[in-house]
Amino acid sequence: MYGGYQGRYEPKIYVALFDDPEPAARAVEVLREIGIEDRLIQIQSGVPWKPEVLGRPIKASAVPKYGMVGAGVGFLTSIALYFGTPALYPLRVGGFPLFTMPPAFVLIFELTMLGLIVASFLGVLFESLLPPVVGKRVYHPEVSDGAIAVFFQAPAILLDRVKEALQQVGASEIEPVEGSFV
Amino acid sequence: MHSETPLPAELHGQVEELRKEHLLIDVRPREEMNRMVLEAMEDTSREWKWAMAFLGLVTVVTLFGAWAYLMSTGMGLAGIRRPIFWGLFIVSFVFWIGISHAGTFVSAILRVFKAEFRRPFTRAAELMTTFALMGAGLYPLIHLGRTWRFYWMVPYPNQRWLWPNFRSPLVWDFFAINTYLIGSTLYLYLPLIPDLAMARDKSTGWRKKLYTILSLGWRGTEEEWRHLTKAIQIFAWAIIPVMFSVHTIVSWDFAVAMKLGWHSTIFGPYFITGAILSGIAAVGSVLYLVRTTMKNMTYFIRPEHFDTLGKLLLIISMGWTYFFFNEFILEWYGGEHTVKEIIRFYTQGDIAPVWWLMVICNIFIPWAVLWNRNWRRKPWVMFLMGLIVNVGMYAERYVIVTGALSRNRIPFDWGWYQPSLVEISIAFGTFTLFLFMYGMASRLIPLIPVWEVEEGHHAHSLRKVGKTVVPSVADLE
């Protein structure tokens with residue numbers, strides 16, 4: 001008796017599929033009205049939709065920060081290479097100065113940009129948790145065909161109400177899915 | 001999927017015309033576009049296999065075979081002799097670096113400016129960048145002669161305390177080319193991930209395994225898209241100055257030398273303009289090959305795209321002419337004795353046919369053809385224009401590298417360069433290597449960025465203005 005009661009309240013993840021961003025945005029609104037918080041909703045799509053389009057919270061990406069850190073590392077590496085090398089291993093040739101600024105700019109620029117680029121790439125992987133390390137994550141392959149999949153976590157007790165509301169806004173399919181959001 | 005305001009029935013004729021003309025108005029379901037792209041990728045017909053086998057064999061013989069022969073015998077096999085110590089290897093190196101500007105210019109600059117026509121062919125151009133850089137990267141190794149000593153270029157402490165000379169442009173080349181190669185490869189890969197995920201979902205067998213690894217578990221979540229699009233923006237902005245730096249540094253290989261004919265302050269922008277010219281020209285030729293040899297590509301790559309590339313080519317050709325004229329007229333006006341001899345050698349000497357070939361291919365022919373919209377819209381015309389301009393650009397590099405070295409201040413040290421068979425074979429081999437790698441890649445990765453095309457479909461609609469309909473673009477990026 002207790003187990004059945006608990007089962008009705010145990011949250012599960014479901015997916016609703018939409019063809020267009022408008023009904024998907026309405027679905028998010030409906031889910032919110034029912035009491036499902038934004039953090040319990042995940043949208044997957046085949047094209048990047050701005051959060052404003054789908055009525056989702058606007059968040060800034062941390063990738064630029066990775067880029068800045070990478071650029072800094074690249075900059076310091078170039079300084080170390082360009083100025084550290086002749087300081088540690090001086091080769092005095094024909095009265096040429098050991099440290100010269102104009103050629104330094106080339107190395108500093110290239111390594112700074114390299115750091116920026118590589119770190120931005122790694123930033124995408126780290127922030128998006130790609131590739132997944134453990135566990136199965138929710139996914140619907142119709143996303144590749146242009147569908148907008150709205151995943152939401154809700155207890156079974158709410159399912160009938162949610163289904164009805166989502167069908168009214170145009171969900172083509174609502175089904176439970178295995179896996180986690182991240 | 002694509003919602004559009006209903007238009008009056010009497011305008012349907014115009015609507016059909018516009019759809020025929022513009023890819024981004026001619027909406028097809030994503031599923032169908034996926035199928036078309038995958039079908040093109042998986043079409044490994046007998047002809048394709050034969051073509052790849054032939055190109056692979058020719059590359060092995062003409063490039064790697066000749067290179068092995070050169071290494072085992074010595075650099076004496078090359079035609080370089082005093083005073084001309086830079087020959088076809090350096091010419092080809094500069095040429096392929098130039099071609100590599102295709103992807104960055106077409107993809108990054110047009111992406112920054114949100115030029116919508118770029119959408120279907122950014123990847124085809126980015127792929128050219130990566131493969132052209134790989135080809136270019138071989139030449140410093142070949143030119144070394146003793147290739148196995150290449151690691152001397154790499155900055156690391158060694159037992160003799162010898163480090164690369166950071167003041168040498170050749171070391172700047174090492175850093176610039178590696179930065180550009182890594183940057184452009186990552187820039188190719190990032191926007192490819194969603195399409196690889198699509199291929200993963202639709203493929204079977206070994207392809208499914210391959211795309212599962214390469215797509216890194218991409219699902220298209222809001223988080224993933226947010227980080228990916230931000231990174232693409234950063235990359236597009238970052239790769240442009242890197243692109244400029246690469247060819248500027250290549251030009252400095254020449255310009256920093258106290259060599260008449262090379263020591264010029266405008267060599268940087270002159271080389272960059274030339275590189276963009278050859279890059280865009282090459283995109284035109286490659287798009288023609290993609291369109292004619294791959295299934296379903298006539299839907300994605302249309303006359304409108306060749307038309308726009310033609311306009312770009314004409315503008316860049318004018319830019320190149322401006323720098324060429326500047327360089328030429330000021331050197332001539334200076335009246336320095338040796339420079340006058342170099343100019344005479346270029347225009348009337350033994351190398352004059354190559355110099356005039358450059359002028360004809362880079363100025364006369366493009367200007368005579370590309371002003372005409374009807375010609376620009378013909379894919380085969382743009383294919384030929386691409387070849388002609390690149391013949392002109394190869395000739396330009398040949399004149400700059402070998403021509404200038406042929407004449408010095410002291411006539412005692414004048415010379416004449418004739419490329420040897422080994423050099424010609426290696427130079428030819430990189431062309432077949434490029435075609436081979438491109439042909440293989442065209443069957444392994446989705447050459448059309450389907451998600452970007454779909455995004456373009458969502459952004460474009462038809463709007464009635466007065467008595468006609470016009471395409472209208474919404475800013476969804």
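Q: Into which domains is chain A divided?
A: This is a predicted model, in which local features need pLDDT of at least 70, side-chain atom pairs count only at pLDDT 80 or more, and totals for chains, interfaces and linings use all residues. Residues are numbered from 1 along each chain as its sequence is written, while chains are lettered from A and ligands numbered from 1 in the order in which they are written. Domain bounds are taken from an automatic or database domain assignment. Chain A is divided into domain 1 (8-47 + 146-176) and domain 2 (63-127).

Q: What distance separates the centres of domain 1 and domain 2 of chain A?
A: The centres of domain 1 of chain A and domain 2 of chain A are taken over C-alpha atoms. The separation of these centres is 49 Å.

Q: Which element of chain A has the lowest mean pLDDT?
A: pLDDT is the predictor's confidence in each residue, from 0 to 100. Chain A averages 90, and 95% of its residues score at least 70. Elements are DSSP runs numbered from the N terminus: helices (H or I) of at least four residues and strands (E) of at least two. Among the elements of chain A, β2(A) has the highest mean, 96, and the lowest, 54, belongs to helix α1 (residues 2-9) of chain A.

Q: Which element gives the largest share of the side of chain A that touches chain B?
A: The contact, defined by C-beta atoms placed from the backbone that lie within 7 Å, takes 49 residues from chain A and 51 residues from chain B. On the side of chain A, the elements that give two or more residues are β2 (41-44), α4 (63-88) and α5 (101-127) of chain A. The largest share, 16 residues, comes from α5(A).

Q: How many residues on the side of chain A that touches chain B are nonpolar?
A: Ala, Val, Leu, Ile, Met, Phe, Trp, Tyr, Cys and Pro count as nonpolar, Asp, Glu, Lys and Arg as charged, and the others, Gly among them, as polar. The residues of that side include 13 polar and nine charged. The nonpolar residues number 27.

Q: What order do the strands take in the open sheet of chain A?
A: Two strands pair if DSSP finds at least two bridges between them. With antiparallel pairing, the order of the four strands of chain A is β2-β3-β1-β4.

Q: Which residue of β3(A) stands opposite Q42(A)?
A: Strand β3 (residues 148-155) of chain A is joined to β2(A) by four bridges and the two run antiparallel. I41(A) stands opposite F152(A). The residue opposite Q42(A) is F151(A).

Q: What angle does the direction of helix α2 of chain A make with that of β3(A)?
A: Helix α2 (residues 21-34) of chain A packs on the sheet, touching β1 (11-18), β2 and β3 of chain A. Axes are lines fitted to C-alpha atoms, for helices over the stretch in contact, and angles run from 0 to 180 degrees between N-to-C directions. The angle between α2(A) and β3(A) is about 10°.

Q: Are the residues on the two faces of β2(A) buried or exposed?
A: A residue is buried if 20 or more other C-beta atoms, placed from the backbone, lie within 10 Å of its own, exposed if 12 or fewer, and partly exposed in between. I41(A) and I43(A) lie on one side of β2(A) and Q42(A) and Q44(A) on the other, and all are buried.

Q: Why is helix α8 of chain B largely enclosed by the rest of the structure?
A: The cover of its buried residues includes α2 (30-42), α7 (169-189), α9 (205-214), α10 (222-255) and α19 (450-459) of chain B. Among the buried residues of α8(B) are I193(B), L196(B) and R200(B). Helix α8 (residues 193-202) of chain B is largely enclosed because eight of its 10 residues are buried.

Q: What distance separates the C-alpha atoms of N34(B) and V450(B)?
A: N34(B) is in helix α2 of chain B and counts as buried, with 24 C-beta neighbours inside 10 Å. Not counting residues up to four places away in sequence, N34(B) touches S144(A), D145(A), M198(B), K202(B) and V450(B). N34(B) and V450(B) are 416 residues apart along the chain, yet their C-alpha atoms are separated by 6.9 Å.

Q: Where is P131(A) found?
A: The peptide bond from L130(A) to P131(A) is cis, with omega near -10°. P131(A) is found in the loop between α5 and β3 of chain A.

Note on methods: Contact = placed C-beta atoms within 7 Å.
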